[in-house]
Amino acid sequence: MEIWVYMQPLIVLTGPTAAGKTALSLRLAQKIGGEIISADSMQVYRKMDIGTAKITTAEMKGIKHHMLDILDPADEFNVVIFQKMAKECICEISARGRIPIIVGGTGFYIQALLYDINFELENNGSSSNYRKELNETAILNGPEYLHDLLKKVDEEAANAIHPNNKKRLIRALEYYHQNKKPISLHNETEKKRQSPYNFAYFVLNDDREKIYENINQRVDKMLKDGLIDEVMTLKNNGFTPAMVSMQGLGYKEIFAYLDGKISFEEATTLLKRDTRRFAKRQLTWFRRERDVVWLDKGDFAGEEAMVEEMVRVIKDKRIIR
């Protein structure tokens with residue numbers, strides 16, 4: 001006799017920026033009765049629409065979206081907060097008989113949710129003083145200095161964390177400080193956890209040159225649609241480049257322009273270059289993930305063919321009938 005163990009259904013659709021995740025996710029949601037949960041570290045913030053390429057209400061085509069416009073740009077948002085909020089969304093969506101679909105390009109957030117990774121520090125003692133010290137060090141010497149410190153105690157973690165990602169660098173150093181062992185070892189153990197979900201994990205990809213061209217066109221459209229004014233409004237409302245929200249692509253470059261540090265042409269060039277580099281890092285991350293189904297656009301006649309393949313996989317996994 002076959003024994004069934006119920007696991008909450010979950011679908012993930014991710015991939016590099018400008019690959020076309022939004023359009024594909026809408027078609028899939030319409031096909032299977034799904035609702036979309038954003039896995040984007042910046043689209044949670046209100047007043048940040050153009051620079052984050054946030055979907056508009058009209059573009060949603062009646063599909064309910066979650067985790068958009070829920071925080072002020074001054075609020076803290078990190079992987080632990082995302083994990084908690086996304087779990088709540090999944091339960092709410094599933095309770096209504098709908099299928100939750102995680103859509104976005106923040107691979108670390110997706111991994112944390114999918115495998116229910118534990119981010120609690122093993123040592124419960126306070127480390128607020130050390131965290132404060134690291135923050136002050138970053139202000140004085142730049143986040144690259146923290147990256148060098150981490151490389152000395154945990155080279156694997158340093159290779160996985162971007163030198164400008166102050167938040168993750170501080171967490172990794174804090175973990176080592178408290179537990180006297182590298183966070184990379186902890187993360188490797190956590191990555192072997194079994195998912196509590198019955199899931200299908202899709203990565204949408206395209207020819208690299210097409211993605212890069214899409215990125216260049218997207219940046220041009222953002223600027224045409226008023227990115228400068230959006231950042232100026234944030235600046236006038238007291239938001240500063242030191243805030244995590246303002247470190248996002250499209251914001252830090254325009255802040256530098258508005259502060260007179262670089263020209264408009266330099267800001268545009270930097271934004272396009274940094275976004276291309278970000279897309280490359282995203283692909284590197286997703287290639288390391290397990291249980292992934294790749295959707296290369298060149299292998300399909302169009303979006304409808306991709307949706308049909310996704311539905312086939314989802315049915316094979318018995319996520320839907």
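Helices (H or I, at least four residues) and strands (E, at least two) are DSSP runs, numbered from the N terminus. With that in hand, strand β1 is where Pro-9 is found. This is a predicted model, in which local features need pLDDT of at least 70 and side-chain atom pairs count only at pLDDT 80 or more, while totals for chains, interfaces and linings use all residues. Residues are numbered from 1 along each chain as its sequence is written, and side-chain values use heavy atoms, leaving out hydrogens and water.

- Although Pro-9 and Phe-199 are 190 residues apart in sequence, their C-alpha atoms are 5.8 Å apart in space.
- Leaving aside neighbours within four places in sequence, Pro-9 is in contact (heavy atoms within 4.5 Å) with Ser-94, Ile-99, Pro-100, Asn-198 and Ile-319.

**The nonpolar cores**

- A nonpolar core is a set of buried Ala, Val, Leu, Ile, Met, Phe, Trp, Tyr and Cys residues joined through side-chain atoms within 4.5 Å.
- The largest such core has 50 residues, and Ile-37, Phe-77, Phe-82, Ile-102 and Tyr-201 touch the most other members.
- At least two residues of this core come from each of β1 (8-14), α2 (79-95), α3, β5 (197-205), α9 (208-225), α10 (227-236), α11 (252-258) and α12 (264-288).
- Another core, of 28 residues, lies apart from it and includes Leu-24, Ala-29, Ile-63 and Leu-68.
- Not counting residues up to four places away in sequence, Phe-82 touches Ser-38, Ala-39, Met-67, Phe-77, Tyr-109 and Leu-113.

**Helix α3**

- Helix α3 (residues 107-114) is mostly covered, with eight of its eight residues buried.
- Among the buried residues of α3 are Phe-108, Tyr-109, Ile-110 and Leu-113.
- Asp-116, which follows α3, has a positive phi near 50°.

- The 14 residues of α4 (residues 128-141) should span 20 Å at 1.5 Å a residue, and the end C-alpha atoms are 20 Å apart, which agrees; the expected span is 1.5 Å times one less than the number of residues.
- Tyr-130, Leu-134, Thr-137 and Ala-138 are the buried residues of α4.
- Seen down the axis of α4, these buried residues fall within an arc of 100°, so they line one face of the helix; the arc is that of the directions from the helix axis to the C-beta atoms.
- Exposed on the other side of α4 are Asn-129, Lys-132, Ile-139 and Leu-140.
- The cover over the buried residues of α4 includes α5 (143-153) and α7 (166-179).
- The axes of α4 and α5 come within 6 Å and cross at roughly 125° (axes are lines fitted to C-alpha atoms, for helices over the stretch in contact, and angles run from 0 to 180 degrees between N-to-C directions).
- α4 and α5 are therefore oblique to each other (under 35 degrees counts as roughly parallel, over 145 as roughly antiparallel, 65 to 115 as roughly perpendicular and the rest as oblique).
- Leu-134, Thr-137, Ala-138 and Asn-141 of α4 make the contact with Pro-143, Tyr-145 and Leu-146 of α5.
- Gly-142, which follows α4, has a positive phi near 90°.

- Ala-18 is not a glycine, yet its phi is positive at about 70°.
- The loop between β1 and α1 (21-32) holds Ala-18, which counts as buried at 10% relative accessibility.
- Arg-318, also a residue other than glycine, has a positive phi near 60°, and its place is in the segment after α13 (303-316).

Note on methods
Buried < 20%, exposed > 50% of the residue type's maximum accessible area, 1.4 Å probe, protein only.
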